[in-house]
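Subject: Structure handover

Hello,

Here is the structure for your files. My notes on it follow below.

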Amino acid sequence: MTITSPNGSDLPDAKKSLEARPDRNTQNGQEAKITPPTDEHLEAMKDSVRTMLLGVGEDPEREGLLKTPKRVAEAMRFLTSGYNQSLDDLVNGAIFDEGHNEMVLVRDINFFSLCEHHMLPFMGKAHVAYIPNQKVVGLSKLARIVEMYSRRLQVQERLTRQVAEAVQEILEPRGVAVVMEATHMCMVMRGVQKPGSWTVTSAMVGVFQEDQKTREEYLNLIRHQPSFW
Ligand SMILES: Nc1nc2c(ncn2[C@@H]2O[C@H](COP(=O)(O)OP(=O)(O)OP(=O)(O)O)[C@@H](O)[C@H]2O)c(=O)[nH]1
Ligand SMILES: [Zn+2]
């Protein structure tokens, strides 16, 4: 289990701690522009899948595999569809001035992603919290943010940080906390083959980073068993 926490104690506010993160999908401070796949790309992907089938000693012309290149190409497009979404579209203006200044936490958000090293799934749960500065966002939007960044080729640490940065960007809250717990198929089905192993990553921004009590309250809340379940 790995627990990763940004070390920004010399950075006075949440915004600065985000500016200091070098590994967002950015180029010169701008969100990296990713070209949406074209039909030409889809054909190239299908050809690659045929090559892979040949590579594993299969016959791409046998009946059961005839449609496999198309299915795989489309599945890959879906699994990476987060590249084609934007934060603005996703939030869709659902930000409300509620004057609420206590912690908001959405727990147990299921996610499925692909590791960028092996393009194998990793999946688990995300727990996203923030302490508002007057403004709150529609709760489903927190899950949509997790979804958008999960549906890309990822490493868990970057995914966790991107979710925190996105919440910071849309709300400018007093703090954001994200914990993600996941199991990686590249560690389970192949390689070191350790079923049952899981990885915990965290990104703490603003008051969650600066104030131990707030961080502890969040960590207690994500551990507590809900009585209605
Ligand atoms: N930090 C981090 N590592 C990851 C993540 N997903 C996969 N990895 C690791 O990426 C590493 C790639 O290591 P390499 O030695 O280049 O590749 P490999 O020979 O396939 O490694 P093994 O998985 O150890 O067989 C492995 O240690 C994976 O466990 C992730 O989300 N975060
Ligand atoms: Zn991997």
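The chain folds into 9 helices and 9 strands. Please keep in mind that this is a predicted model. Of its 229 residues, 42% count as buried. Among contacts with a separation of 6 or more, 72% join residues 24 or more positions apart.

**The cores**

The largest nonpolar core has 33 residues. The members that touch the most other members are Phe111, Val128, Tyr130, Ile145, Val146, Val163 and Val167. At least two residues of this core come from each of the helices α4 (87-91), α5 (139-150) and α6 (156-171), and likewise from each of the strands β4 (104-115), β5 (121-131), β6 (134-137), β8 (175-184) and β9 (199-206). Helix α6 gives the most, with 7 residues.

Phe111 shows what one of these members packs against. Leaving out residues up to four places away in sequence, Phe111 touches Phe122, Met123, Gly124, Lys125 and Ala126, then Val146, Ser150 and Leu159, and finally Met180, Glu181 and Ala182. Another core, of 11 residues, lies apart from the largest one; Met103, Val200, Met204 and Tyr218 are among its residues.

**The zinc site**

Which atoms coordinate the zinc ion (ligand 2)? They are SG of Cys115, ND1 of His118 and SG of Cys186, at 2.0 to 2.4 Å. Along the chain, these donors follow the spacing C-x2-H-x67-C. The two cysteines link distant parts of the chain: Cys115 sits in strand β4 and Cys186 in helix α7 (residues 185-188), 71 residues apart. Cys115 has a relative accessible area of 3% and therefore counts as buried. Cys186 is buried too, with a relative accessible area of 11%.

**Ligand 1**

The residues around ligand 1 are Cys115, His117, His118, Val155, Gln156, Glu157, His184, Cys186, Met187, Arg190 and Gly191. Cys115, His118 and Cys186 from that list also coordinate the zinc ion (ligand 2). Helices α6 and α7 each supply at least two residues of the shell.

- A polar backbone atom of Gln156 is 2.6 Å from an oxygen atom of ligand 1.
- A nitrogen atom of ligand 1 lies 2.7 Å from a polar side-chain atom of Glu157.
- An N or O atom in the side chain of Arg190 is 2.9 Å from an oxygen atom of ligand 1.

On its own, ligand 1 has 630 Å² of accessible area, and the protein covers 50% of it.

Is His127 buried or exposed? Its relative accessibility is 1%, so His127 counts as buried. His127 lies in strand β5, and its side chain reaches the backbone nitrogen of Asp108 at 3.0 Å. Apart from neighbours within four places in sequence, His127 is in contact with Leu105, Val106, Arg107, Asp108, Ala177, Val178, Val179, Glu181, Tyr218 and Ile222.

His117, by contrast, is exposed, at 60% relative accessibility. His117 lies in the loop between β4 and β5 and is one of the residues around ligand 1.

**Backbone and other points**

Most residues other than glycine have a negative phi. Met119 is not a glycine, yet has a positive phi of about 55 degrees. Met119 is found in the loop between β4 and β5 and counts as partly exposed, at 44% relative accessibility. Gln193 also has a positive phi, near 50 degrees, and lies in the loop between α7 and β9.

Leu54 lies in helix α2 (residues 39-55). Why does Leu54 count as exposed? Because its relative accessible area is 54%, and the cut-off for exposed is over 50%. The C-alpha atoms of Leu54 and Ala177, 123 residues apart along the chain, are separated by 46 Å.

Regards

Terms used
Residues numbered from 1 in each chain as written. Chains lettered and ligands numbered in written order. Predicted model: local features only at pLDDT ≥ 70, side-chain atom pairs only at ≥ 80, totals over all residues. Heavy atoms only, no water. Helix = DSSP H or I, 4+ residues; strand = E, 2+ residues; numbered from the N terminus. Buried < 20%, exposed > 50% of the residue type's maximum accessible area, 1.4 Å probe, protein only. Contact = heavy atoms within 4.5 Å. Core = buried A, V, L, I, M, F, W, Y, C linked by side-chain atoms within 4.5 Å. Donors = N, O, S within 2.8 Å, 3.2 Å for Na, K, Ca; no water. Near = heavy atom within 4 Å. Polar contact = N/O pair within 3.5 Å; in protein donor to acceptor, adjacent residues only side chain to side chain. Areas by Shrake-Rupley, 256 points an atom, 1.4 Å probe, with all protein chains shown as cover.
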